[in-house]
Amino acid sequence: MGKWPKPAEGSWTEHYPELGTGRISFEDSVSPEFYALEREAIFKRAWLNVGRIEDVPRTGSYFTKEIHIANASVIVVRGRDDEIRAFHNVCRHRGNKLVWTDLPSEETSGVCRQFTCKYHGWRYDLEGKLTFVQQQSEFFDLDVDNIGLAPVHCEIWNGFIFINLDPEPTQTLRDFLGPMIMALDDYPFAKLTERYDFMADNNSNWKLFADAFQEYYHVPSLHPQQVPVAVRNPEGGFECAHFQIDGPHRLVSTAGVRRWTLPAEYMYPIERATRSGLVGPWETPDIGPLPMAGLNPGNVDPWGITNYQIFPNLEILIYGGWYLLYRYWPTSPSSHKFEATLAYHPARTVRERIEHEVSGVVFKEFALQDAGMLGGTQAALESGVLDAFPLSDQEILVRHFHKVVGDWVAQYDGALVGARA
Amino acid sequence: MTAMLPQDFSDLEPFASDWCLATETERWDKRISTPMPELLDMYDAVTPRLEAAIEFCDAHLLAELPPDVERLLQLVYSYAMVAMAVEVFGQPKPTDSADAVLIRVKEPMP
């Protein structure tokens, strides 16, 4: 019998009967054909988070985002009217990549008054309008008012910039995010602007890294060092307090005790000395009222963290007064680019800055354990020896994720078949 | 040779040129490439001085640290990095991290 109550059906998984309880296949993480379908069905249709409004703080601030799986490069820019817009990073003249710095394939950012194509010098203003054509009189029937940068749908939710590559998105961003995520409408993300950004190329399918961060069942085995050896219990297990699913999105909450109430031996000396570590700073500044119904929908007591997986490739983990954010950008069936951000209230003292530094250092150590294992997972899955894998109730979100990915692909595929019929 | 650290911390001067590093990437690379006995020397030297070093830095405004105090703060950051190897893993690299990398591309300064 576990520590936390399960739903009346006896398990979290059976609480959502559409998930089933059978073994699942990870063919979706090795198949090039499936990857090609994910491109069309998911990454060219879903809302994708590409940054925060703090990334474009003033007029002319811009960044580019490479979305490899969709063969897309997108410019996000704050215009003179303060509006944040997104455009395809393609010059209307000869299709050259418009904005890049050292290498066309690398993302870039900065502040500018206009965009000038390196190739023939065509210029566009911050709202995407074509403003200058070299030797314009030599062109034929050039309607400069109707040949601006190709727009990409761009919407903002609570400071998060989302784009949608579908020429006609079937849902608004808010409809897509749904009530479970909207319950974070009032979370003060905008106050947490001291950021530590990380980047990694990882040799595994994008879904496999997401899987590692949506269950805690692996923690005692892969991360035994999270607990000092004197108090380590290899057979202790890990049980999450609450799981919830809403449309394509999911969350998991775990309990957390106030670190300073734990006996000293449960912390490493560096954690005690800096009052920071595995779960971040032990105490964080008052950032105003928190939307607890959204943060702790399972009424977990004592609540520690809620981890939101926003379909398809965004994850936000909120520890009350600070948060982490992960994104998984597919680059091939067996590789992806991983982005992570740790965000805190700006340090008011040197001591707070040290707390953040220690939190960031500890995060990296254990994330590297997750990342290091995945190349092996990918290779073993690609061997094709096994095609059905059992998942426990603690891994309900892995089950849901792969089901939703499959559903989106099937729906797209079905629509294609329907259109051909 | 001119001192890198505030006079109160002259006992840590032998570690300053190696470990007063401005970015996480430099501190990480230094830790990963340093043999365990040397990491232990640094850890053992700084441990009894850690609280004093943090307090000394904390007496200043974060945005207005004199250069020698900023270097002392960098040494504290490096200590946190080294503590992971000494206290947690018993080796310079995280256990079972294989060939994984995670590069910090944005951070506050100092």
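Predicted model: local features only at pLDDT ≥ 70, side-chain atom pairs only at ≥ 80, totals over all residues.
**Helix α8 of chain A against chain B**

Two packed helices are described by the angle between their axes and the distance between the axes. The table lists these values for two helix pairs.

| Helix of chain A | Helix of chain B | Axes come within | Crossing angle |
|---|---|---|---|
| α8 (residues 350–382) | α4 (residues 50–58) | 8 Å | roughly 125° |
| α8 | α5 (residues 67–89) | 10 Å | roughly 35° |

The axes of α8(A) and α4(B) cross at roughly 125°, so the two helices are oblique to each other. On the α8(A) side of this contact stand A:Val350, A:Arg351 and A:Ile354. They meet B:Glu51, B:Ile54, B:Glu55, B:Cys57 and B:Asp58 of α4(B). Sorted by class, this contact has four nonpolar and four charged residues, with no polar ones.

With α5(B), helix α8(A) makes a right-handed crossing. The residues that α8(A) brings to this contact include A:Val350, A:Ile354, A:Val358, A:Val361 and A:Phe366. From α5(B) come, among them, B:Leu73, B:Val76, B:Tyr77, B:Met81 and B:Phe89. The contact of α8(A) with α5(B) has 14 nonpolar residues, one polar residue and three charged residues. A:Val350 and A:Ile354 take part in the contact with α4(B), and both are also listed for the contact with α5(B).

**Cysteines**

A disulfide is a covalent bond between the sulfur atoms of two cysteines. A:Cys154 is in no disulfide either; the nearest cysteine sulfur to it is that of A:Cys112, 16 Å away.

**A loop residue, A:Tyr119**

A:Tyr119 lies in the loop between strands β6 (115–116) and β7 (123–124) of chain A. Is A:Tyr119 buried or partly exposed? Its relative accessibility is 46%, so A:Tyr119 counts as partly exposed. Apart from neighbours within four places in sequence, A:Tyr119 is in contact with A:Arg94 and A:Asn96. A:Arg94 is 25 residues from A:Tyr119 along the chain, and the C-alpha atoms of the two are separated by 8.6 Å.

Note on methods: Residues numbered from 1 in each chain as written. Chains lettered and ligands numbered in written order. Heavy atoms only, no water. Axes fitted to C-alpha atoms, helices over the stretch in contact; angles between N-to-C directions. Helix = DSSP H or I, 4+ residues; strand = E, 2+ residues; numbered from the N terminus. Parallel < 35°, antiparallel > 145°, perpendicular 65-115°, else oblique. Contact = heavy atoms within 4.5 Å. Nonpolar A, V, L, I, M, F, W, Y, C, P; charged D, E, K, R; others polar. Disulfide = S-S within 2.5 Å. Left-handed = near helix turned anticlockwise from the far one by under 90°. Buried < 20%, exposed > 50% of the residue type's maximum accessible area, 1.4 Å probe, protein only.
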